[in-house]
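Try each task before reading its solution.

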Amino acid sequence: MAQFTTISEILEAVEEQEIDFVKFHFSDIDGIFKEIDVPASLLENAFSKGLPFDNSVGGTFKPTGADLMLKPDPRTFSILKDKNAKIKYGRVICELTFLDGQSFDGCVRSTLKLFVRKIYQSGYTFSVSSSLSFYLFDSAFTGCECTSAGNTGTISDIEDTKRDLLASFNDAEIDIVSLRQTHVGGPISIVFKEGSVLRTADNIMTAKYLVRDVARRHNLHASFMPKPMTAAEGLSTTFGFTLMKDEFNEFYHPDQDMMISDKARGFIAGIFKHIRAISAVTNPTVNSYKRIVQKGKAPYYVSWSAVDRNSLIRLPSSRGRATKIEVQNADSACNPYLSLLVLLSAGISGMDDNLTPIAAVNFETHDYSESEKQALSAGTLPNTLREALVAFNADPLVKEALGESISTTLLQTATIEWNDYIGCVHSWELERYL
């Protein structure tokens with residue numbers, strides 16, 4: 001698969017493969033790709049100078065009173081195929097600037113990129129492994145029958161969709177470890193290969209786009225709703241962090257307890273300190289908190305373990321260069337650019353302040369009572385989006401990491417969602433009280 005690094009290489013490939021248009025993708029604060037189709041005849045100017053656009057296209061950006069510019073990153077260019085329409089088209093991920101080229105502080109991708117650059121300048125390099133889960137439903141599924149997983153598409157439809165997804169991931173140069181569904185009617189999980197922070201976020205965003213697109217071609221509906229059905233498993237996004245310096249894993253220490261370093265413990269403690277505020281980013285919807293409940297599979301208590309798979313932070317068994325810290329609370333509705341940003345900010349602050357986490361849980365807790373689990377933890381995750389927003393608004397570190405524009409917009413849009421939710425009469429209430 002060709003790797004594109006320059007504008008001239010892209011223009012040459014577009015001409016050789018007779019590409020008619022290129023989709024310019026950019027993420028809004030909700031973590032959804034917006035797109036503008038650019039015809040091949042205008043590509044050279046759009047790549048070299050940028051593409052002006054009305055910022056209302058972004059949907060959830062803080063109003064700026066000025067138009068913005070899309071600046072495509074040539075390294076993200078790929079050629080995708082639509083088998084049904086029998087066409088090929090280009091795709092590139094963009095960042096947002098003002099028309100004069102100055103950085104737009106509401107751009108989630110450039111905010112993460114600038115943060116990663118600062119980490120690199122300090123001598124450290126983070127890499128991230130990740131996974132993302134989703135459901136496939138019949139296109140006629142309305143969401144009103146949300147009692148079981150029986151509304152998923154037929155086995156043959158899903159298998160055909162999975163095969164086309166693998167081909168699409170290959171076209172988009174997304175390296176994955178596996179695409180798996182552990183049982184019929186259950187969620188499908190994409191396990192990504194480890195990569196750089198920015199590349200990981202780009203891959204998750206692109207995978208979401210491709211999953212929706214390929215599912216639509218098969219008359220299926222792809223859902224990343226964290227808890228789309230009451231009795232079914234929720235949908236997660238996991239992030240596994242590795243910290244490297246001079247080819248050495250800084251989270252590994254062969255002579256310390258659990259063979260992890262003080263930096264690893266500080267990273268864990270930093271996330272624990274800010275996790276309730278972080279939840280407003282990693283679990284951004286009202287529905288997210290239907291997944292985070294007592295006795296559920298998703299993390300509920302603030303704990304860490306190398307054994308207990310339901311802990312908020314898990315240490316996979318590999319050590320040495322492969323030592324990693326896996327954070328398990330995020331759901332599939334999260335914006336990966338912002339989620340990675342706040343998790344890294346909190347973890348690094350814990351390393352800088354030499355924080356120490358509570359003791360690790362070195363056994364499975366599924367048979368323990370809720371009071372026993374509580375005693376082993378440093379508290380619980382928020383129970384509602386409202387609780388998360390209160391914690392977010394009171395946490396200077398998390399808000400500073402995101403910047404004023406993104407923090408303000410996130411708080412405003414999530415508050416509107418919460419107010420709409422609590423003012424709505426739900427089917428559960430009608431069934432119980434009417």
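Contact here means heavy atoms within 4.5 Å. The model is predicted, so to speak of local features pLDDT of at least 70 is needed, and side-chain atom pairs count only at pLDDT 80 or more, while totals for chains, interfaces and linings use all residues. Residues are numbered from 1 along each chain as its sequence is written, and side-chain values use heavy atoms, with hydrogens and water left out.

**Exercise 1.** Find which residues Glu-95 touches, and decide whether Glu-95 is buried or exposed.

*Solution.* 
1. Start by locating Glu-95 in strand β6 (residues 87-98); strands are DSSP runs of E with at least two residues, numbered from the N terminus.
2. Leaving aside residues up to four places away in sequence, Glu-95 touches Met-69, Leu-70, Lys-71, Cys-107, Arg-109, Ser-110 and Lys-113.
3. Next, check the accessible area: Glu-95 is buried, at a relative accessible area of 12%. Buried means under 20%, exposed over 50% and partly exposed in between, using a 1.4 Å probe and protein chains only.
4. Now widen the view to β6, where nine of the 12 residues are buried.

**Exercise 2.** Work out which strands pair with β6, and in which sense.

*Solution.* 
1. Two strands pair if DSSP finds at least two bridges between them.
2. Strand β1 (residues 21-27) runs parallel to β6, joined by four bridges; Val-22 faces Gly-90 there.
3. Strand β4 (residues 68-72) is antiparallel to β6, with five bridges, and Lys-71 has Glu-95 as its bridge partner.
4. Strand β5 (residues 78-82) is also antiparallel to β6 over five bridges, with Leu-80 opposite Tyr-89.
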